[in-house]
Amino acid sequence: MPKGIKKKNLSQKTCVSCNRPFTWRKKWARDWEHVKYCSDSCRKHNRLIHFKSYNGY
Ligand SMILES: [Zn+2]
C-alpha cells in the first residue's frame with residue numbers, strides 16, 4: 001500500500017492533463033469533486049490526448 005496519501009487532500013488535485021498540482025478555486029466550489037484539469041486549456045488539450053489514447057487502447 002502506498003503511504004503518504006492523505007485524506008486531507010480535498011483542496012489540492014493533480015491535473016490529469018499537465019500533471020501539475022493545482023489548488024481549490026472558488027469557481028470550482030460547486031463541482032470540485034469532478035474537476036480534473038487546472039485550466040480550460042488543459043481540458044481542451046486533454047480531450048485530444050484522450051481521444052488518441054482511446055483509439056490506441
Ligand atoms: Zn493542467
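Predicted model: local features only at pLDDT ≥ 70, side-chain atom pairs only at ≥ 80, totals over all residues.

Biologist: What makes up the fold of the protein chain?

Modeller: The protein chain has two strands and one helix. Along the sequence the pattern reads β-β-α.

Biologist: How much of the protein chain counts as buried?

Modeller: Of its 57 residues, 4% count as buried.

Biologist: Take Ser17. Where is Ser17 placed?

Modeller: Ser17 sits in the loop between S1 and S2.

Biologist: Why is Ser17 called buried?

Modeller: Ser17 has 20 C-beta neighbours inside 10 Å. The label needs 20 or more. Ser17 reaches that cut-off, so Ser17 counts as buried.

Biologist: Which residues is Ser17 in contact with, leaving aside neighbours within four places in sequence?

Modeller: Tyr37, Cys42, Arg43, His45 and Asn46. A contact calls for C-beta atoms within 7 Å.

Biologist: Where is Lys44, and is Lys44 buried or exposed?

Modeller: Lys44 belongs to helix H1, residues 40-56. Lys44 has 11 other C-beta atoms within 10 Å. Exposed means 12 or fewer, so Lys44 is exposed.

Biologist: Now Cys18. Why is Cys18 called partly exposed?

Modeller: Cys18 has 15 other C-beta atoms within 10 Å.

Biologist: Which contacts does Cys18 make beyond its neighbours within four places in sequence?

Modeller: Cys18 is in contact with Cys38 and Cys42. The C-alpha atoms of Cys18 and Cys42 are separated by 6.9 Å. These two cysteines are 24 residues apart along the chain. Cys18 itself is placed in the loop between S1 and S2.

Biologist: What about the backbone of Asn19: what is its phi?

Modeller: Asn19 has a positive phi of about 60°, although Asn19 is not a glycine. Asn19 is in the loop between strand S1 (12-14) and strand S2 (21-23).

Biologist: Why is Asn19 called exposed?

Modeller: Asn19 has 9 other C-beta atoms within 10 Å. The limit for exposed is 12 or fewer, so Asn19 is exposed.

Biologist: Last one: what makes Trp32 partly exposed?

Modeller: Trp32 has 13 other C-beta atoms within 10 Å. Trp32 is in the loop between S2 and H1. From Trp32 to Ser11 is 8.7 Å, C-alpha to C-alpha. In sequence, Trp32 and Ser11 are 21 residues apart.

Technical notes. Residues numbered from 1 in each chain as written. Helix = DSSP H or I, 4+ residues; strand = E, 2+ residues; numbered from the N terminus. Contact = placed C-beta atoms within 7 Å.
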